[in-house]
Every structure is written in structure tokens, then in C-alpha cells.
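Please look through the sequence and the structure shown here before reading the points below.

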Amino acid sequence: MDSGARSDAVWSEQGTTPDAIEAALRRLLVDVHAENGNYVPARVLNMIAFVDREWSGEIANRLRGVGRYHASRLVVLSYEPHRERLDARVMIASDGEPQPGELALLHETVVVELGERHLDDLLTIADPLVVTDLPTLLWSPHGHHEVVSELLALSQAVLLDSVDEPSSQEGLDRAWELSDQAYVVDLAWLRTTPWRERVAASFDPLGRRQELRTISGVTVRHHPESTAAAMLLAGWLTSRLDWTPQPLSADGDALVGKALANGQDVALRLEAAPELQVRGLEDVTLQTASGRSLLLGRGPGGLHARSRDEQGREREWTIPGASRGETGVLGEGIRQALLRDPTYVPALTAARAMLSSAGGANPVATRS
Amino acid sequence: VAVSAGRPTGEPEPENPLVAGLERLPVAPTTLVIFGATGDLARRKLLPALYNLAHEGALPERFHLVGVSRKEKEDEDYRGECEQAIRRFSRRTPDEDVLNSLLDNVRYVPGTFDEDSVYSELGSVLDEFEEEAGEPLNRAFYLSTAPSFFPVIVGQLGRSQLAQHERGEVRLIIEKPFGTTLEEARELNRAVLGIFDENQVFRIDHYLGKETVQNMMAFRFANGMFEPLWNRNYIDSVQITAAEDLGIGTRADYYDSAGALRDLIQNHMLQLLCHVAMEPPVSFTAEAVRNEKVKVLQAIPEPTAAEIPDMALRAQYAAGHAGGDDVPGYLEEEGVPEGSTTETYAALRLEVDNWRWAGVPFYLRTGKRLARKITEIAVTLKPVPHLAFSQDGSLGVQPNQLVLTLQPNEGVSLSLGAKIPGTRMLIRPVNMEFQYGTAFLSQSPEAYERLITDAMRGDATLFTRNDEVEAQWRICDPIVKAWSPTDAQTPAPPVAGYAAGSQGPKEAEELLRDGDRWRAI
């Protein structure tokens, strides 16, 4: 597995050890730098990906698409339960030859093939392979919660997709559990970023800020597997606008209910949009007590907006913006490991409170 | 009471709790009007920047673009020109749907900038957009024209009542050069501020939009290790270089009337000096930052005619070699008037007379057709007071030098004395280097993307204030005058020469204090 960049140096060994892998990394870096001093190793972020070997090709494809957001050192722990021997490959790659007077960044990828017998000592395998003093992002796209618990000791941030779990309740619970131990970068949350930005912008002009207090209804339509993303968007509005979340109930393919705002209820409806082919949201509609409404929906070339004023006059326009696609969302997830979004955990807290009866009993704690 | 967007200024704005945690802050619905819409700057920089903002979803919720230019053409023709410019100059390949979404909101108003009818038609177009949106839209007028049109356009915007908008903000964005002398700058300020309030005016110095320049404030004020040393007690000299390996290309018309001093030193390089020398601002608001920069400029004494030959040097490149080829001298370049004395190289030695910097020389130099392209700030520290080490058999202990490179490879390098491996205690300088490119995943946005967004948001931090411009001219104006012919009988003083592709004129050494030397370009 590599990042898709041009490979400049490769090393591999069967029946190897972490010390040998680390020594090979150092040697390859020295060799590449000696060949041309303008090759310099990127030193931004370690990323540890624990993947099932049978799906490692798919993960490699996803990581190829992240382009410049490739972690400076990617350590892939490729898991095959019955494997007895530790094998490893090291690749050092740059995006191209350095141009005169310019630098070419090197990215390092280490793939370690391991089996169940290595899991007890996993920390001692991964630890020597990450660059000291760089933040480390942990990603385990195929589950393996026990491995994540073990590797959290090395990591400051965890990448997950709360829509990957069997139910939205489990997805949000998993994110909640991890957010107590590390900074959580949730791809489901990142899929809501353009929507959050646009909703915030729609109410930002001074004349419209007062209307935030009069929102009376929110409808979010989402990919059938992306209920968690819709929940997070509703949770974000709830937490930012000081609404009190109430449990939602199932209504066919939708979750419906309300949040208590100061002086009025806000009707909430989260509804599956089977026509949506990609994970995330299809559209968001906000209504105010005065009869105004704003719909933001996916469209070619950006978000399609439709507004209706108190007199019932409708207006439609497009807000330009390119879709990031799933690889763009993953790249953004890697980049976000270096930032801190203070609004995620409050949104997650509110989202869990709304699901507490819809998906099973779940105590709601507060954490900010 | 000044009224802005229909609200008395000073009244607290209600907060928008939804913006917390967002990396990209909202921009209010805006119509951007570009005067000089078919010019080089619009095609190469402004339109690609607008496309990239559109691509990233960073334009306002409602955004319209109106191009104003002399040439008669239809909206559709102008959209075609915008499309071509974006395809050719955008830093990313355009997404067809996004491009079409952007172009759908483009209009064109033809006419000369002094015609009343242009402004009445423009007013109609702006009203039409607001009617369509059902709400007021902010207006941003971007003057991307020859400077001679600035007062004309500003005056017409005032007369046609387009400079004020009862229910929205109106902003004026002005490209450099902001005057070519102190008097011109003052006149232009008077003309602009007769119509607009200073808080409506955004004077572009695109250097300030570069990540590298913004990083200088982070470097100084976010790292405790440098600030204690950042004064006359520890710093021996500061050297700021903006060197280009290219000649003037096809810009003879502009360049020959400007020269290196006006083109780079009066604006960009003095801004860099301000970033090096300013006191820590109390906050990073526009006013706090600009107040500190103005104080630095005010602390630089205005050069007298007698001082100028000792503290300023100009030169012109002669034929030489660049990139392995023979290249012509400045006077042989296409479009340069015969016998021109315009400088393609300028170097200054300035003093910042305040408590922090008294006695520390600030050397500034810029030039075309030098050995290579580099922009850097080199801060040389004072030597250590006592040397116990032998100086024999090695380069010995050199003063530490901190170099902030702005381009091509943004980074910081610190030279340190280190022991040469071996049995003797011999010292030589080694470099500890940090390259920004190795430490961040994100790509820096183009300066114009940042600046257009900030202007539409009303954030003036990265723009030059009127007193800042005048303070910059106060320093450069006497030099401009000293280098100009006073009358037909008194020609301009001679211009030094340097070979294309070289380190610059040897006469530049004479500006340096004893013991100082220019860094190799």
C-alpha cells in the first residue's frame, strides 16, 4: 500500500522486527537526501491505519486520493488473523523531482503485515515506527475496537466515521466513548461542514441574526446510511442555539421530534433520501416562526438555495462550490487532526440526547 | 452619527453563535464591481481568485460580479473572457458546473470612467441584483485601473450616490500604486476620503496577503524565544532583500515610470521592515496592527538631500547572463526609452530611531536581473563578547544569523557555531533549518483570494491605512526627488550599473557600516 506518489526508495523484509524497520527508514531517508539535498522529509503528522488485509486495497485507494493531505509518515498495520510472521515494506516517495531552488517533500509509508499473535505486543511494534514529537492520528476503518484502545496510548487524535457502525446510535456512542480519550475527527461531522458554513452564513447578516431565535422547524434529508451525519447537524444547531434536545421517535424512514427553544418548540425531522448516492446530506430546510424558510440542497456547481419570505415570495439561486467527494472528506479528516473544533462534542452530546429513545436507552452526559 | 449598513456605529452587533468553530467565516452577500475589468490584473489575478473562492464555497451566499471597462461588449462576451482567463490562470482546473454557476452571476457595463451614464447604468444593475435577491447587498468597488483614473472613479461614485448605501456596506478597494509621490498620495487620500470613510477603504499591498508575510507576526509573537533578543542589545543589523532573476519583460511602460524604489521599496519592503520592527500589537485587529506599523514608519527619519548619497543607491542592469543565456541590458529591453535613468536596482540604509532599534541599521535592497529570485529577511545578532576558542584552522565563530525566507522556499534558518568533529576545538557555522512546506498539509491560498475575501468581510488588517501610505512616501519621496532631474539644465545624478545575473552593483557596498556585508543573493 502506498500513497500513490512516485516511489523513490523501497525496502522490504520478511520475518522482520520493528527495530529493523526503523533502521531501514532512517537509512532510506539518508540515501534519498544524499542523492539530492532538496529532498526533505515532511514532518507534519503520523498516521497509523489498522486495516484488515483483505480490504487493504480499498483503503490504499482511498488514501491515494487524499493528495497533499497524505500524512508525512503513514504506518499501515495490515491484519491477517492467522499470520505468524511479521513482514514489512517501507516506501519513501515524493510527488516529483525537485525543481531547481525548490524542495521536494518526501512521504514515508510503512506497511507491516501482522497476525493475531502480534496483537498483545502491538504497541511495541507501532511505537518505534512513528516520528517522535509529531502528532499521531489513529484510524481503524474496519472496527477492531480493542486494537484502537491499545493504540490510543500513541495517538492524540482518532479518525472515525460514525456512519460506519451498524446503527447511528452505536456510531455516536462510539464517537462519544473515544472523545473522552483523544480528539475525535469524525468524517460524518466533516460531511456536514459545507452545510454548517452555509447555514451560519445565511443567518450572519445583521438583519438576519435575530431570526436564529425564531427558527421553528428543521428538516434534514440524508443518505440512508448517514443518519448520524443528520443527527450531528441537528445536534450542532441545538447546541449552538441553546435548544434543549428531546428524544426523537421513528416515523417510517424518518426520525421526528422537537427541541425546546426559548419560548417555542423547534420541530425536527431527519429523513432518509434514497435517491442520494453518496454518504452525507441531501438538503436542509430551516423555517422560522414568521413563515420564512430556507432550503439548501445539493445541486450541480454548488448548493441550490430556495428561500420563501413572509409573503410567500420564493427565490432560487445557486451558491457555487465544488463537491469534495469521499476522498476529499478523508483528506480533510487527516488535516483536521491538526486542528481542534470546539463545537463537535457539544453537537455530539445533543445528538445522543435526541437518539436516547429512538435507538435504545442511553444516558446523556454533558461534556464540552 | 456615522451610519453603516443602516445601523448607528458603536451599537453592539448581535452575535451569530453558529460561526464558532468554523474555519471559514461568513462573508455578507456582496456585489463586486471591478473597474478595469478587462485588464491584465483582472485576468491574471482577480478572476482566477474569484473562481478559486467559488470552488471552495468561500464566496458570499449571494455574489454578483460586474465588470466595468471602456470596451463595448455584451454580458455574454465578457463572461466568455472571464471563462478564458479563469481557465488559463486559475491555480486549479475549473470544475465546469462551479465555473458556470459563477459566470451566471457576471454582468458587464461598458464606458469610460468619467461618463455619468456608466454610473447610472451601474446603479441600475446593482438595484436589479438587490431586487432579485429581495435584500440589500453589500457593494465592493475594485479599482484595477491605471492610477490616473482613481480620483475620477471615486468622484463619480460620490456624485452618483453609489458610495453610500443605506442598507448595506460600501467598500472601495484600491490597487497600488497609491500615488507616485508624497504629494500625489496626499491628493489621492484627500479625494478618496472626501467621498468614503477610511473604514470603507482597502488599499491593496498584495505582499500583505501572502501567508509568508502573515507568518512573520506568528513567528515573532507566538514564540517566546525570539522576542527577548529582538532589540538593539542583541541585534546587530537587519537586511531585507527582494531579488528577481528576471528582467522587466513586457512591462517597460509601467516599470520605466516607476523604478525599483517605487515598485517595491516604497510599499512591500517597507511593510516587511514594519513587520520586523513593530512592537507587539495589543490585539490583531486592523487598527491595533496598523497603529504599530505606523509608529515604525514614523520612527524612520526623513532623509535629507545631503544624506541621500550615503544611504541610498540606484543602479540599472547592463547586458549579462541569466539562466545560461545572454540577456540584454535594461536600455536594450523593448519599450524602454533611450537614455532612461530609471533604476532597476535600489538599496537603502535606514534607521529606526526608537528605544528598541536605535543604532541598528536596516538594509533594504531590491533589483531585477540579479543572480536569483529570493525574498528574505536576515537578522544578524551581535557577536559573543568573549571567544575562548581558537580561530586558527577554521572559519571560527561567526555572529548568529536568523534568516526568514519568504520565497521561493518559505522557511527559517538559524546559523549556529558548532564544533568541527576532531581532536581540536575548532568552530564553524552550521545551519539549523526549518521549512514551512515540510510542516503543513495545506496549500497556501493566493494572496488575492485572501485579500478579496477580507475586503468583502470588512477586515482591513492586511490593507494599508492612509497614514501608513503617507508615512511610507515621507521616507521615499526625498529619494525619488534626489534621483530625478530638477530641471532641463540639471540632469538626474548618474545611475550605477551592474551586469545582468550578478549580485548587483559593487557601489552597494558603500552603504554598509564598517564590518557589515551584503548576503550573497
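The numbered points below take up each chain, then the interface, and then some local features of the backbone.

1. A caution belongs at the start, since this is a predicted model. The values in this note should be read with that in mind, and they are computed from the atoms of the model.

2. Chain B has 12 helices and 20 strands in its secondary structure. Its radius of gyration is 25 Å, close to the 24 Å that the globule rule gives for 521 residues, so chain B is as compact as a globular protein of that length. Along its principal axes, the C-alpha trace of chain B spans about 80 × 60 × 45 Å.

3. When contacts in chain B between residues at least 6 apart in sequence are considered, 76% of them join residues at least 24 apart. The accessible surface of chain B comes to about 22,700 Å², and 51% of that surface belongs to carbon and sulfur atoms.

4. Chain A, for its part, has 11 helices and 18 strands. A compact globule with 368 residues would have a radius of gyration near 21 Å, and the 23 Å of chain A agrees with this. The span of the C-alpha trace of chain A along its principal axes is about 70 × 50 × 35 Å.

5. In chain A, 57% of the 368 residues count as buried, and among contacts between residues at least 6 apart in sequence, 71% join residues at least 24 apart. Chain A exposes about 14,800 Å², of which carbon and sulfur atoms supply 47%. There are 36 positive and 52 negative side chains in chain A, with the centres of the two sets lying 7 Å apart.

6. The interface deserves a point of its own. The size of an interface is often given as the accessible area lost when the parts come together. Here chain B and chain A bury about 3,800 Å² between them, with 56% of that area on carbon and sulfur atoms. Three residues, B:Leu18, B:Glu61 and B:Leu441, supply 23% of the area that chain B buries against chain A, which is more than any other three residues supply. In terms of contacts, 43 residues of chain B meet 52 residues of chain A.

7. Which residues does a cis peptide bond join in chain B? One such bond joins B:Lys176 and B:Pro177, with omega about 5°, and B:Pro177 lies in the loop between strand S7 (170-174) and helix H6 (182-193) of chain B. A cis peptide bond also joins B:Gln407 and B:Pro408, where omega is about 5°, and B:Pro408 has its place in the loop between strand S16 (401-407) and strand S17 (411-419) of chain B.

8. In chain A, two residues call for a check of the backbone. A:His144 is a residue other than glycine, yet its phi is positive, near 55°; its place is in the loop between strand S7 (136-139) and helix H4 (145-151) of chain A. Is A:His144 buried or exposed? Because the cut-off for buried is under 20% relative accessible area, A:His144, at 18% relative accessibility, counts as buried.

9. A:Asp242 is not a glycine either, and has a positive phi of about 60°. This residue is found in the loop between helix H9 (227-240) and strand S11 (244-245) of chain A. At 61% relative accessibility, A:Asp242 counts as exposed, since exposed means over 50%.

Note on methods: Residues are numbered from 1 along each chain as its sequence is written. Chains are lettered from A and ligands numbered from 1 in the order in which they are written. Side-chain values use heavy atoms; hydrogens and water are left out. Helices (H or I, at least four residues) and strands (E, at least two) are DSSP runs, numbered from the N terminus. The radius of gyration is taken over C-alpha atoms; the globule rule is 2.2 Å times the number of residues to the power 0.38. Contact means heavy atoms within 4.5 Å. Accessible areas come from the Shrake-Rupley method with a 1.4 Å probe; for residues, only the protein chains shown count as cover. Buried area is the accessible area (1.4 Å probe) that two parts lose on being put together, summed over both. Buried means under 20% relative accessible area, exposed over 50%, partly exposed in between (1.4 Å probe, protein chains only). Lys and Arg count as positive and Asp and Glu as negative; His and the chain ends are not counted. The place of a charge is taken as NZ of Lys, CZ of Arg, CG of Asp or CD of Glu.
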